[in-house]
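Biologist: I would like to learn how to read a model of this kind, one feature at a time. Could we begin with the terms and then turn to the cases?

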Amino acid sequence: MTRLLQPMLAGVVTALVGFASSFAVVLAGLRAVGADQRQAASGLLALCLANGVVAIWLGLRRRMPITVAWSTPGAALLVATGAPEGGFPVAVGAFAVSGLLITAAGLFPPLGRWITAIPTPIAAAMLAGVLLNLCVAPIRALGEVPLMAGPVVLVWALLSRFASKWAIPGALLVAVVAIALTGPSLGAVDVRPVAELTVPAWSATAMISIALPLFLVTMASQNVPGMAVLAGYGYRPPLRGILVGTGLASTLGAPLGGHAVNLAAITAALAAGPDADPDPGRRWIASVTAGGSMIIIGIGSGLATALVLLSPPVLIEAVAGLALIGALTSAISAAVARPEGREAAVVTFVVTVSGLTLLGVGAAFWGLVAGGLMLLLQRGRAPRVSPEPEQDGDRPSAGVSGELSRP
């Protein structure tokens, strides 16, 4: 039982961080395309249930830490798109079609081969770029809410030194206590789940303005980086089953208001990294636990939603950033470990950190593109070698690709 504790705690933290860090974007996106309060709450519940079921199924089937999340970029896209003509039922129809497109992508083998062929330095650099903004959140929190963030960071630092596996759970517990002590009462919160069925309606305009962009954004900004994160940690699961599973879950969840589920990108590192378990072959326990935790959070989403809404957003981001410090360290080490891929990795990192959004697609995808093009341009060129030979003490010992060479 003791051996199960570390990955299970990592899974609980993964679910809490995944929910808390972006559920407000989901609610805003659903309301923007015409959902009322009950329909938006139902959509959030549907996404939690779909995430949990698919994560448990994939984790048990593949014995890999395959974390599933909702499409945060997709929700942001909905905010920008606005309500379609015909209202929320038309949007629900577009959600269902987008899910079918993801399923179709899973049945197209060349796409899977292209995504899983991402070189490790590029994948690791993209991961580092994705993680960086969250990892500086604790510093921002100390400036914005010092009385709340200070104890969180202090407990994390002390536990990292004396009981490292308890560092993030301890920090999260302190954050919850701080919110409970400083926020208004939760006594009037309705914790009952809401399931509101919306009959889909169909519109050619909505297919073009919602379904197709949602599919493209979800694939480019979530599934591609998600596979890259797994590859960076040494896991290369078959993409076909993942896309078919998440695509069908998206389609089935659409009538309840869910817009899209997909591979996790940022939170995937919490379950796939060494902090989840020193043994890479046991980290699937973390993703399965995350799936079960997400189902529980969804059922009690009224209380969880209220608790997070009562807290400063930067405090929740700070906890996520502390949880990802180890993952950022490993990603940077792996990105620059090989001289022949170092410059391409740095290009990937810089573009990813830039926050560039082009054609509705986020910076993580364009970072992969830029790094890949740089790698192609440098192919055949002799790598630059540092004038000082690398000493054993300077060599990264826990790089993403080195430590996790097997699933």
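Modeller: Let us start with accessibility: a residue is buried under 20% relative accessible area, exposed over 50%, and partly exposed in between, with a 1.4 Å probe and protein chains only. This is a predicted model, in which local features need pLDDT of at least 70, side-chain atom pairs count only at pLDDT 80 or more, and totals for chains, interfaces and linings use all residues. Residues are numbered from 1 along each chain as its sequence is written, and side-chain values use heavy atoms, with hydrogens and water left out.

Biologist: How does Arg63 count by accessibility, and in which loop does Arg63 lie?

Modeller: Arg63 counts as partly exposed because its relative accessibility is 43%, and its loop runs between α2 and β1 (68-70). Helices (H or I, at least four residues) and strands (E, at least two) are DSSP runs numbered from the N terminus. Most residues other than glycine have a negative phi. Arg63, a residue other than glycine, has a positive phi near 55°.

Biologist: What does the protein chain come to in helices and strands, and what share of its residues count as buried?

Modeller: The chain comes to 19 helices and 2 strands, and 51% of its 407 residues count as buried. Contact means heavy atoms within 4.5 Å; among contacts between residues at least 6 apart in sequence, 85% join residues at least 24 apart.

Biologist: Which residues does Asn51 touch, and why does Asn51 count as buried?

Modeller: Asn51, in helix α2 (residues 37-62), is buried because its relative accessible area is 2%. Not counting residues up to four places away in sequence, Asn51 touches Val68, Ala69, Trp70, Val261 and Met294.

Biologist: And where is Gln222 placed?

Modeller: Gln222 is in helix α10 (residues 204-232), and at 7% relative accessibility it counts as buried. Gln222 is 154 residues from Val68 in sequence, yet their C-alpha atoms are 9.9 Å apart in space. Leaving aside neighbours within four places in sequence, the contacts of Gln222 include Trp70, Ser71, Asn262 and Leu263.

Biologist: How should I read the packing of two helices, and at what angle do α6 and α16 pack?

Modeller: Two packed helices are described by the angle between their axes and the distance between the axes. The axes are lines fitted to C-alpha atoms, for helices over the stretch in contact, and angles run from 0 to 180 degrees between N-to-C directions. Helix α6 (residues 120-135) and helix α16 (residues 325-335) pack at about 145°, with axes 8 Å apart. Among the residues that meet are Pro121, Leu127 and Cys135 of α6, and Ile325, Leu328 and Ala335 of α16.

Biologist: Which residues does Thr348 touch?

Modeller: Thr348 is in helix α17 (residues 342-354) and is buried, with a relative accessible area of 0%. Apart from residues up to four places away in sequence, Thr348 touches Ile122, Ala125, Met126, Gly367, Leu368 and Gly371.

Biologist: How many aromatic pairs does the structure hold?

Modeller: Rings of Phe, Tyr and Trp (its six-membered ring) pair if their centres lie within 6.5 Å; planes under 30 degrees apart count as stacked, over 60 as edge-to-face and the rest as tilted. The structure holds 2 aromatic pairs. Phe88 and Phe95 form an edge-to-face pair, 6.3 Å centre to centre with 75° between the planes, and both Phe88 and Phe95 are buried.
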